[in-house]
Structures are given as structure tokens and as C-alpha cells.
Amino acid sequence: MSGFAVFARKEAREILRTWRIWVLPGILLFFALTGPVLARFTPEIVGALAGDQLKGLLIPTPTYHDAYTQWIKNLSQIALFALIIIYGNIISSERRSGTAVLVLTKPVSRTAFIIAKAAVHSAFLAILVVAGSLLTWGLTAAVFRQAPGSALWSSALVWLVFGVLFITLMTLLSVLIGSAAGAAGAGLGTYALVSIAAIWKPLGTYLPAALATVPSSLAAGKDVAVLWPVLTSLLLAAVLVALATLAFRRSDL
Amino acid sequence: MSASIRTTGLTKVYGEKHALDSVDLVVEEGSIFGFLGPNGAGKTTTLRVLTGLARPTSGSVQILGHDVASAANSVRAQIGFLPDVPGFYEWMSAEEFLRFAGGLFGIGRRVLDERLGMLLDLAGLGDVKTKIGGYSRGMKQRLGVAQALVNAPKLLLLDEPTSALDPMGRKDVLDMLISLRGRTTVFFSTHILADVERVCDTVAILDRGRVVAQAPIDELKARYAEQKVVVEVTGGADQLAEEIGRQPWVTTVARGSNGAIEITVKDVRAAQQEIPAMIADLQLGLSRMEAGEMGLEEVFVKLVGGEQP
């Protein structure tokens, strides 16, 4: 087994045996369990809370699209914020604790170190998104009696590309910024910029910024072009990993 | 015999500070090489450059005949390294970490199984089942030594390997280093001069980023031993010391244990001829007079300008 494979396996075992197995999965599980139920009973909840204040206001009858949109919005906001914060130390923690020194004085290249980290955590995110989407799908079918899969899976998979893009961004930021909080702050700032950029049509149509809004549109059943933003996002993710590798190779440990 | 480590004009600059200033080192294959220096002399920086963790500002580094910057995995496969404060994945046990380290070297399961028992015994961790997060610093240091040996390296680089160990652990590690003599080249930095005197055959002393001495340890001590004379008299030692201190061939005069006079001299022959005459003139009794061996500590203090390690 190559050094890359051994290190990647270590990374996977580390997820399973440390706090990482609880935090992001816990957040996604919570949203997957509550999203469809909240979507179904939103009119009743709003009515109970508002009393007579909203009398006369017509609240549309919720559909399975509302459950899907709820799931995707939660992924796009709170789950993405959590991801940015959690991965603020994806590289710097190994440098600070000295574990990177012991690994990188063995036959593991710095390139392999970075790629293994980005690949394993992207795979981890993919598993979580698929598991959460399955749960959302099942609960939506139970609550709404119908749950066509295409809107859910197209939106979830497109969001996954966005999530992977942010994992690669945090990998780069964690190489460049030694402080986990500093890297997380830079990641959140980038997210804010991306969200604003998505408003401008050229960026919001062809470039990765589009993925800030496209998944919600897909979940709502709208017909949205996703090919270009997905392709440019995957390309950008590869560029970010390459930059992280370059910066890591040039830095002293 | 070829060199396992050869640095030429090795320089490392951080901002305005020269951490290493044109360091030339040659470590012969199979030797046990002690790397001494006061705090901040540049020992850890040297080891970081030798292992490829840091890049030199200028100069060249050859490890096992290959340039360290370009050799990458093929060279690292033949090196064992223990940093000054080893960092481990705290959720692993000692055995898991050694298996992980062995896996990174591509060592097969059967060979690894054979080595693990020996290495865990060496580290005194054979019966310890807890996770590394619960280990003391000494336990981590011993595990660090074990992981550095997991690939049966040709070159073992150790940064302060005995600094966190109790006397028994220290003895075990030094005995292990001695057992490697001739088979593995050992390069280790330390503050503990007694360790160097016990196990090393060659030593280099680093001061403010510069190598101020590099020689086989016996040669280094002999070079300075010629310049020291120890005299014991039956009485009147203070008067004799004062008289000796006035001679032109004397560098320093100090009082050692049991009233002995320790004289550092520029001309040993003049001292050997004139000191007995002085004793006779002062009508004192001579108990002992010998060319005293200058210990490594004294050599170290002399070379680094009085700074203690």
C-alpha cells in the first residue's frame, strides 16, 4: 500500500474515532429529520404562533418541494458555515501538533498529504449529503405521500459540488493561515463575497458563484442550467488543491 | 568510507537572523555523531534542513549521497527521525501508530509484526493499552524513538532523544544507540554532554549558527588536554598558584577539588620544566603533577565562549 493510501486510511479512521464523526453528521442528521416535518406543518405552526394577526393571509399548502428546499437551504447556510469552521484547521492542526513532521519525514510527499486530506474529507461530505438526502427523501415521502427524486437529488448533488469547493478552499486557507479561527474567518468572508457575486448575472450563470443559489432553485422544481457552474466549480476546486499543494511544498515545517 | 551527511556552506536565514551560517558538516557512514550547542545555536534548524522540513537559504545538503531537496521519498525511506517534541495522533495506541508509521514506509505485515514487539519492548510500552493522548512526555519520547527505528533506517536523526527520559529510559536509549554502531549512522543533538561522551565517536559543536569544532571525540579532547596541567602540593598552594600565574606560558590558573591547581598553559614543556623548580624554590612538597585531560564540558565551554548548554 502506498504512503498516500496509508495516510488517506489514517484520515478516514481519524474521522471515525474523533469528534469529527459527531459534529457535521449530527448537524446534517438534525436537518434531515426536521426539514420535511417542519415544511409540512409550517402553516399550522405559523397559524398557532401568529394567532389572529395573520388572519386573511393565505399560506400556500406545502408540497414536497418545500421539504427539499428546506433541506438544501439548511445545507447552503448552517451546514456550510459549520463546514467552513470545522475545516479551518484541516492542515494547520497537523502542523501545530507536530504530527505533520512525523508523517512528512517518511515516504509521503507533501502533495500526497494535501490531496489525501482534500479527497477523504470530500468523500466524507459526499457520504453525509447522500445519507441526509436519503433520509429527507424517505421522510418527505412519509409526510407528503409523494416524493419524486429528481429535484432532490439534482439539487443535493449540485450543492455537494459547492461543498467540495469549500473543502478545497479551506484546505488552501489552512495552509496559508496558521490560525484555525483566521482561516475560518477568511472562509466565511469568501462565502459572503460569493453570495454577493451570485447576484451579478454573468457570475451567477456560468461561474461557481451560481452554486450559492442554483441548488435551491433546483429543489423548488425550477429548470436551471447547471453544467457551466458545476464544471467551473470542479475546475476551481482542482486549482485550489494545486495552489494548496504548491504553498505547502514551499513552506517550512 | 562515504559520508551519510554532507553539508556545504549551509545557511538558513530567518528575516535578519542567520540561524545557520555557512555550516560544513561531514558525518561518516556508520558513526555515532554528537551535535552539541547551546540553546538557540541552530541544532534543531540543522535537523529540520537535513530532513527536508525546512529549505536552506543557500548551500547544499547531501543525505546518503543524494541532494535532500530533489531526492524526496527514496531518501526519506532510509531515514529515521525523532523531533525534539514528537507529535502523535492522540486517538491511536502505540501499536497503531507504529503500524501506521510502518505502513508509510511500505513495510509488509509480516515484517512489521516481527518488529513491533521488539520496538514496543524498547519503548517500554508493550503492556500499555491506553491511547497516546494519555501518555507522559517520557512515554511519548520513547515511542518517538521506536517509530524512528521502524524502517530499520540507514541514517537515524535524533533531536534531543534523551531529554525527557528518566535515568533508566535514558540508559536504554543510549545502549540502543551503541548497539547500532557500524550498522546505522546516528546523528543526534543533545544538551547532555555525558551522553555524547558515552556513545559518540565524533562530535561537532555549533555556536550561533556556526560549527566551531568538528572532530572525533578523542581527538577533540586530546587537542585540549595538552593544554592543561594539574598540580597538587602538600601546602602553600595559594602561594604557588600566585607564582605560576605570573609566568608568561600560563593562560589561566584555577583551584580545583582537593586544593589542586588547574593550569591552562600555552607551552606544556615549559610548565613541566619550571613548575617543579618553583615548588622546590618555595620549599613545598609535590603530591601530584600531571597533564590533566580536559573534559568535553570544558572543551564545550571554551569553544562557545562560556555559555553552558
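Me: What pattern does chain A follow along the sequence?
Reply: Reading along, chain A goes α-α-α-α-α-α-α-α-α-α-α. That is 11 helices and 0 strands. Helices (H or I, at least four residues) and strands (E, at least two) are DSSP runs, numbered from the N terminus.

Me: How compact is chain A?
Reply: Chain A is as compact as a globular protein of its length, because its radius of gyration is 20 Å, close to the 18 Å that the globule rule gives for 253 residues. That radius is taken over C-alpha atoms, and the rule is 2.2 Å times the number of residues to the power 0.38. The C-alpha atoms fill a box of roughly 70 × 40 × 35 Å along the principal axes.

Me: What should I know about the model and its labels?
Reply: This is a predicted model, where local features need pLDDT of at least 70 and side-chain atom pairs count only at pLDDT 80 or more, while totals for chains, interfaces and linings use all residues. Residues are numbered from 1 along each chain as its sequence is written, and chains are lettered from A and ligands numbered from 1 in the order in which they are written.

Me: How many helices and strands does chain B have?
Reply: Chain B has 12 helices and 14 strands. Its C-alpha trace spans about 80 × 45 × 35 Å along the principal axes.

Me: Which domains is chain B divided into?
Reply: Domain 1 covers 3-216 and domain 2 covers 228-293. The bounds come from an automatic or database domain assignment. Over C-alpha atoms, the two centres are 44 Å apart.

Me: New topic. Is B:F187 buried or exposed?
Reply: B:F187 is buried, because 26 other C-beta atoms lie within 10 Å. The cut-offs are 20 or more such atoms within 10 Å for buried, 12 or fewer for exposed, and partly exposed in between, with C-beta atoms placed from the backbone.

Me: Where does B:F187 lie?
Reply: In strand β8 of chain B, residues 185-190. B:I32 is 155 residues away from B:F187 in sequence, yet 6.1 Å away in space, C-alpha to C-alpha.

Me: What does B:F187 touch?
Reply: Leaving out residues up to four places away in sequence, B:F187 touches B:I5, B:V27, B:F33, B:F35 and B:L157. Contact means C-beta atoms, placed from the backbone, within 7 Å. B:L157 has other partners beyond four places in sequence, including B:L47, B:I79 and B:F81.

Me: How many residues does the largest nonpolar core have?
Reply: The largest core has 142 residues. A:F7, A:M170, B:F97 and B:L157 have the most contacts inside it. Helix α7 of chain A, residues 149-176, gives the largest share, 17 residues. Such a core is a set of buried Ala, Val, Leu, Ile, Met, Phe, Trp, Tyr and Cys residues joined through C-beta atoms within 7 Å. Another core, of 11 residues, lies apart from it, with B:V229 and B:I261 among them.

Me: How many residues does the contact take from chain A and from chain B?
Reply: Chain A gives 22 residues and chain B gives 23. On the chain A side, α1 (3-17) and α5 (99-104) each supply at least two. The largest share, 6 residues, comes from α1(A).

Me: Last one. Which residues are buried in helix α12 of chain B?
Reply: B:L296, B:V299 and B:F300 are buried in that helix, residues 296-303. They fall within an arc of 100 degrees seen down the axis, so they line one face of the helix. The arc is that of the directions from the helix axis to the C-beta atoms. After α12(B) comes B:G305, with a positive phi near 75 degrees.

Notes: Contact = placed C-beta atoms within 7 Å.
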